Amino acid sequence: MIEIRNVSKFYGAFQVLKNCNSSIARGEVVVICGPSGSGKSTFIKTMNGLETIDSGEIVVGNFRLAPGVTNLATLRRTVGMVFQNFELFPHLTVLSNVTIAQTKVLRRGKAEAEEKARSLLARVGLSAHLTKHPAQLSGGQQQRVAIARALALDPEVMLFDEPTSALDPEMVNEVLDVMTSLAKQGMTMVCVTHEMGFARGVANRVFFMDSGEIVETANAAAFFDHPKSERAKAFLAKILKH
Amino acid sequence: MRVDLAALVSAWPFLMTGLWFTLQITVVGVAGGIIFGSLLAVARLSRNRLLSGFATAYVNLMRSIPLILVIFWVFFLVPWAIGWFTNHGRPVAVGASLTIFVTFVLFEAAYYAEIVRAGFRSISAGQYSACEALGLSKFHSYIYILFPQAIRNVLPILLTQTIILFQDTSLVYVISATDLLGAATKIAQRDGRLVEMYLTVGAIYFIICYAASQLVKQLQGRLSYGAR
Amino acid sequence: MSLLFEATPDGAGRYLDWIISGLAWTLCLALGAWTIALVVGTLVGVIRTFPDGILPRIGRVYVETFRNIPLLVQMFFWYFVLPELLPARIGMAIKQMDPPWGSFVPALICLGLFTAARIAEQVRAGLQALPKGQAQAANALGFDASGMYRLILLPQAFRIILPTLTNEFMTIFKNTSVALTIGLVELTATAREINENTFRTFEAFGVVTIIYLLIALIAWQVMHRIEQAARLPGIASGKA
């Protein structure tokens, strides 16, 4: 589903991504972890073109993304994204947040878009909040709306960029539950997250990144029980202490 | 159209006389406006209802009417007002400069008052309490403690208002005063050189205001850096 | 205030009619120029936030030019200078426009474009105050630049800048008075004309001063209503 070949990216002289290679199959759930500043957030954003790349190529489905490719409409339809800070549109109601891209980007009819939005919002447990504005919801609720908003465009891949790290601890699980059920339904998912319980329980594979490199890729159980690289061992030792 | 540079060269000294008057209005307007404006700001914050009511009414009135209208008011009323006190009620002829200086102080004070008031509001309430706790008089509190902080907090806005004031001085054209624009107009009409004269004064205003606004921007950057 | 009901020297009506005519020109000029300013100002403010290319630079030149030259000088530019710089035939056609259109049209363009520069700066500030993630979210959902600005970014930016926009809206009514210098008999010019005809300074200028006060009050009310209507549930006013 996603092929990443020799991808590098620079900020000025600083190399944020160093020759990254990997491949993600349809229906697979991949968790990307690593210390902060390791480039994992930049890496995931290259997969829908929010971050440009300086060399290499990324193929998502039938779409080939390379340096200089600018018409990203097809890619954006294929890939949904959930952000760390939700990024709901504060001036729109919950329902409109989920319908606006359907009607304006995909040109779906209003009735069809609303029906889709209602069923998705029911799926994430927010049917009672359709007419509220984002600022009236808790963080966990907002993030669930954001997931529904991305799903409304029928993406084939979902990207999650630290979806729970801006949440109060008691709200983390309501979001992880939605993600888990999504994974069980066979969605292809790439998640940057520090939730090791989710990684171990749901992910098929874990990518460990450090200093812009993919240092290690392994299936989840193997990664946690027998990390190969020293850097992964040091990272796991640090986060498991907490 | 043929641009006549020689006409421009010969007009230059007169234009500079006009610019000198423009600068005089600006300086008087800024100095008088800030002093009177600060008094208005303090009055608005006063617990004396009459005082704060007057200051509020004054500021709102001045900010609601055009400067040109204020120029006309002063132009027609100051001769009467002075005559009333000195000449048994008959109006006294007053020079255009005095009219203009009075107008700009009265008018700009309303704008400076709002800026200074915002400055006072940006000072933490603790500063006011500290002044009281130290036993400082109202007057000393304002002069030594509160006013300097207020001014520093709103300095960029204060300077931006001053650039606006500098541009506003061109409106004295309506009573035929010889500021920069007035000088240009007089030559333009005498020599039939409207295009050259107005483009030239436009350029002079632009250079001064652009340079000043860039300086304010730099200062703003430095102030916000210092606050970090 | 008996002055208002006295006959004018031309015998065509009362001074009240002059005042009403002056008021009408002031309102037409202010509202027309405001429309131009909103459209042009929004466009210029938007292009100033583009990441690269020639457009942000054009936007900057526009804003700096119109902000750093006095309104009155700009009035003279549109009225006296521009017709001379255009091809002779067009220049003549402009100069021969019937009064008051010969004054009104240049004043409308001038005040509209002048105010646009100030609105552009506010729009830019509003757009730049939004979290970067909003544009990213819009991109990720597949919006093109036009959809992103129209549907996502501008509605939020305008909510942020509504208070400063209120100030600008009140200012444009006052700035219409500058048009008297190119011969438009708006409200302030009307006061001057009545004064010259009657020497009743207090009444002539007093009436007009009160009208300006009322205009300011109504303008503020209108914007206040808009601010209330635009307020989002769950968010204190003044924020997005």
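Guide: Across the interface of chain B and chain C, the rule for salt bridges, which asks for a side-chain nitrogen of Lys or Arg within 4 Å of a carboxyl oxygen of Asp or Glu, finds 0 of them. Please keep in mind that this is a predicted model, and that what I describe is computed from it. Polar contacts are present between chain B and chain C, however, and the count is 5 residue pairs, with both residues at pLDDT 80 or more. On the side of chain B that touches chain C, at least two residues each are supplied by helix 2 (49–64), helix 3 (67–86), helix 7 (180–191) and helix 8 (194–227) of chain B. The largest share comes from helix 8 of chain B, which gives 13 residues to this side. Sorted by class, the side of chain B that touches chain C holds 24 nonpolar residues, 8 polar ones and 2 charged ones. The contact as a whole takes 34 residues from chain B and 33 residues from chain C, and the two chains bury about 3100 Å² between them, with 75% of that area on carbon and sulfur atoms. Among the 2 pairs of chains that touch, chains B and C have the most contacts.

The other touching pair can now be set beside this one. Here 22 residues of chain A are in contact with 20 residues of chain C, and chain A and chain C bury about 1900 Å² between them, of which 69% is on carbon and sulfur atoms. Between chain A and chain C the rule again finds 0 salt bridges, while 5 residue pairs are in polar contact, both residues being at pLDDT 80 or more. On the side of chain A that touches chain C, two or more residues come from each of strand 6 (79–82), helix 3 (94–104) and helix 5 (139–151) of chain A. Helix 3 of chain A gives the most to this side, with 3 residues. The residues on this side of chain A divide into 13 nonpolar, 4 polar and 5 charged. Chain A and chain B, by contrast, do not touch, and their nearest C-alpha atoms are 24 Å apart.

Turning to chain A by itself, you will find 9 helices and 10 strands, and its C-alpha atoms fill a box of roughly 55 × 40 × 30 Å along the principal axes. A compact globule of 242 residues would have a radius of gyration near 18 Å, and the 18 Å of chain A agrees with this. Of its 242 residues, 57% count as buried. Among the contacts in chain A with a separation of 6 or more, 64% are between residues 24 or more positions apart. One residue to look at is Thr42(A), placed in helix 1 (residues 40–46) of chain A. Thr42(A) counts as buried because its relative accessibility is 11%, and buried means under 20%. Leaving aside residues up to four places away in sequence, Thr42(A) touches Lys9(A), Tyr11(A), Leu17(A) and Glu51(A).

In chain C, you can look at Leu130(C), which lies in the loop between helix 5 (101–129) and helix 6 (132–140) of that chain. Although it sits in a loop, Leu130(C) is buried, with a relative accessible area of 7%. Leu130(C) and Ala189(C) are 59 residues apart along the chain, and their C-alpha atoms are separated by 43 Å.

Definitions and conventions. Residues numbered from 1 in each chain as written. Chains lettered and ligands numbered in written order. Predicted model: local features only at pLDDT ≥ 70, side-chain atom pairs only at ≥ 80, totals over all residues. Heavy atoms only, no water. Contact = heavy atoms within 4.5 Å. Buried area = accessible area lost by both parts, 1.4 Å probe. Polar contact = N/O pair within 3.5 Å; in protein donor to acceptor, adjacent residues only side chain to side chain. Helix = DSSP H or I, 4+ residues; strand = E, 2+ residues; numbered from the N terminus. Nonpolar A, V, L, I, M, F, W, Y, C, P; charged D, E, K, R; others polar. Rg over C-alpha atoms; globule rule 2.2 N^0.38 Å. Buried < 20%, exposed > 50% of the residue type's maximum accessible area, 1.4 Å probe, protein only.
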